Amino acid sequence: MFINTLPIIFTYTHLFTPLEALIFLGAVFCLSYFYAPEINHSWKDIPVKNWYLLLHSAWLGHVALWRAFWPFFLLVNIILYYIDHRISNVTYTIASWKTVHGMLLLPILWWVTSVWRCSANTAHKLWGASARALTLYLLLELILRFFISTQYPNTFFDCRLLVMEYGDCL
């Protein structure tokens with residue numbers, strides 16, 4: 001997360017400074033810590049053998065936090081890094097890049113909901129607050145990606161591609 005977006009924002013725009021970004025991200029973490037639920041000590045991690053039941057149990061908040069958080073967190077960051085790598089090698093257009101983000105939208109909403117509901121199912125309140133903060137950071141990352149693709153496409157995309165639509169790089 002923030003591998004390509006923050007350097008572009010800091011270098012090519014005056015939207016915010018690195019100090020302001022650090023203060024804002026720290027404030028988001030503090031708010032997520034104060035609003036994180038207390039640990040649910042009566043909760044027990046029941047192993048689920050079926051993928052559908054695991055996804056459903058995560059949605060309902062009945063699995064361990066690490067089971068709801070880590071697999072999708074790693075997957076979405078690998079996908080974002082891959083599409084950014086494809087953009088830097090000029091093998092993706094802005095439309096393809098936005099299509100991948102659109103395909104990730106519903107799984108990200110499922111993931112955010114699952115992490116927020118499972119955040120009490122952990123050993124320490126800090127882990128639940130950290131997971132909640134990272135979900136908010138991912139949503140901020142997506143907002144910054146949309147901002148870059150609409151307002152500053154020349155900073156990240158090669159606008160000389162012939163398959164691009166005319167209005168993408170104006």
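This is a predicted model: local features need pLDDT of at least 70, side-chain atom pairs count only at pLDDT 80 or more; totals for chains, interfaces and linings use all residues.
Student: How do H2 and H6 lie to each other?
Tutor: Their axes are 8 Å apart, and the helices pack at an angle of about 135°. The antiparallel class needs an angle over 145, and the perpendicular class runs from 65 to 115. H2 and H6 are therefore oblique.

Student: Is the crossing of H2 and H6 left-handed or right-handed?
Tutor: The two helices pack with their axes 8 Å apart. As H2 passes H6, the crossing is right-handed.

Student: How many nonpolar residues has the contact of H2 with H6?
Tutor: From H2 come residues including Phe 24, Leu 25, Val 28 and Phe 29. H6 brings, among them, Leu 126, Ala 129, Ala 133 and Leu 136. Sorted by class, this contact has three polar residues, two charged ones and, as nonpolar residues, twelve.

Student: At what angle do the axes of H1 and H6 cross?
Tutor: H1 covers residues 5-12, and H6 covers residues 125-151. Their axes come within 10 Å. H1 and H6 are therefore oblique to each other. The crossing angle is roughly 50°.

Student: Which residues in H1 meet H6?
Tutor: The crossing of these helices is left-handed. On the H6 side, the contact uses Glu 141, Leu 144, Arg 145, Phe 147 and Ile 148. By class, the whole contact has six nonpolar, one polar and two charged residues. The H1 side supplies Thr 5, Leu 6, Ile 8 and Ile 9.

Student: Which residue forms a salt bridge with Lys 125?
Tutor: The whole structure holds three salt bridges. In one of them, the closest N and O atoms are 3.4 Å apart. The partner of Lys 125 there is Glu 38.

Student: How many residues apart in sequence are the parts that Lys 125 and Glu 38 tie together?
Tutor: Lys 125 sits in helix H6. Glu 38 sits in the loop between H2 and H3. The pair therefore links parts whose separation in sequence, in residues, is 87.

Student: How many helices are there in the protein chain?
Tutor: The chain has zero strands. From the N terminus on, its elements run α-α-α-α-α-α. The helix count is six.

Student: In which helix is confidence highest?
Tutor: The chain has a mean pLDDT of 89, and 93% of its residues reach 70 or more. Confidence is lowest in helix H3, at a mean of 90. The highest mean, 96, belongs to helix H2.

Conventions: Residues are numbered from 1 along each chain as its sequence is written. Side-chain values use heavy atoms; hydrogens and water are left out. Axes are lines fitted to C-alpha atoms, for helices over the stretch in contact, and angles run from 0 to 180 degrees between N-to-C directions. Helices (H or I, at least four residues) and strands (E, at least two) are DSSP runs, numbered from the N terminus. Angles under 35 degrees count as roughly parallel, over 145 as roughly antiparallel, 65 to 115 as roughly perpendicular and the rest as oblique. A crossing is left-handed if the near helix is turned anticlockwise from the far one by less than a right angle, and right-handed if clockwise. Contact means heavy atoms within 4.5 Å. Ala, Val, Leu, Ile, Met, Phe, Trp, Tyr, Cys and Pro count as nonpolar, Asp, Glu, Lys and Arg as charged, and the others, Gly among them, as polar. pLDDT is the predictor's confidence in each residue, from 0 to 100. A salt bridge is a side-chain nitrogen of Lys or Arg within 4 Å of a carboxyl oxygen of Asp or Glu.
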